Amino acid sequence: MMGATRIMEVLIVALEVKAAFRREMAAAESAEIQGDMALAKSHLERAHILGQRWFLAHMESHFHMLRIAMKESDNKEVRGQIVRLIGAAPFHIVGWLPVGNTGGADISPTLPMPIPSDLQPYFAGYSLHKGMVARGVLIALIVAAYCLFAIG
């Protein structure tokens with residue numbers, strides 16, 4: 001069991017990662033407004049790396065990648081982002097998220113990639129395995145609650 005201090009450390013790191021995700025999303029929006037789509041995509045890729053841990057942040061990064069691809073009439077990227085938007089849910093449920101993956105259609109959605117050096121501190125102590133175990137426990141609790149309250 002985690003002590004209160006460890007829980008606080010985990011929460012603080014999560015808040016720091018989410019703040020970094022928001023900064024990257026804001027930088028992407030700013031670059032897009034200025035017409036620099038390459039820079040906007042670069043910030044969205046960085047946001048994707050940071051946001052993969054959380055389903056909604058992960059989906060948000062892919063949605064914005066899709067929107068820019070549509071703006072640029074990049075049909076390959078549009079198709080790739082639609083596939084990723086559909087596939088994100090099952091990948092999250094089982095906890096299979098390739099750490100460091102930038103999320104673009106030019107990269108396999110299952111390919112782990114090196115994390116940029118300035119983002120590495122946000123991944124200190126991060127464990128995909130622990131995330132999978134936590135998701136498994138959560139799913140088991142949801143199923144148990146359903147069995148107890150909905151069926152019984």
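Visitor: Is Asp118 buried, partly exposed or exposed?
Guide: Asp118 is partly exposed, at 45% relative accessible area. Buried means under 20% relative accessible area, exposed over 50%, and partly exposed in between, with a 1.4 Å probe and protein chains only.

Visitor: Where do these values come from?
Guide: This is a predicted model: local features need pLDDT of at least 70, side-chain atom pairs count only at pLDDT 80 or more, and totals for chains, interfaces and linings use all residues. Residues are numbered from 1 along each chain as its sequence is written, and side-chain values use heavy atoms, with hydrogens and water left out.

Visitor: Which residue forms a salt bridge with Asp118?
Guide: Arg46 does, with the closest N and O atoms 2.5 Å apart. Arg46 sits in helix H2, and Asp118 in the loop between helix H4 (75–94) and helix H5 (128–151), 72 residues apart. Helices here are DSSP runs (H or I, at least four residues), numbered from the N terminus. A salt bridge is a side-chain nitrogen of Lys or Arg within 4 Å of a carboxyl oxygen of Asp or Glu.

Visitor: What network do shared partners make there?
Guide: Glu24, Arg46 and Asp118 are joined into one network. Arg46 also forms a salt bridge with Glu24, at 2.9 Å between the closest N and O atoms. Glu24 lies in helix H1 and Arg46 in helix H2, so this pair ties together parts 22 residues apart in sequence.

Visitor: Are Arg46 and Glu24 buried or exposed?
Guide: Arg46 is buried, at 18% relative accessible area. Glu24 is buried too, at 10%.

Visitor: How many salt bridges by this rule?
Guide: The count comes to 6. One of them pairs Glu32 with Arg67, at 2.6 Å from N to O. Glu32 is in helix H1 and Arg67 in helix H3, 35 residues apart. Glu32 is buried at 10%, while Arg67 is partly exposed at 30%.

Visitor: Switching to the nonpolar core. Which residues touch the most other members in the largest one?
Guide: Phe21, Leu44, Leu50, Leu119, Tyr122 and Phe123, out of 19 residues. A nonpolar core is a set of buried Ala, Val, Leu, Ile, Met, Phe, Trp, Tyr and Cys residues joined through side-chain atoms within 4.5 Å.

Visitor: Which helices each supply at least two residues?
Guide: Helix H1 (4–33), helix H2 (37–51) and helix H3 (55–71).

Visitor: And what does Tyr122 touch?
Guide: Leaving out residues up to four places away in sequence, Tyr122 touches Val13, Glu16, Val17, Ala20, Arg23, Leu50 and Arg53. Contact means heavy atoms within 4.5 Å.
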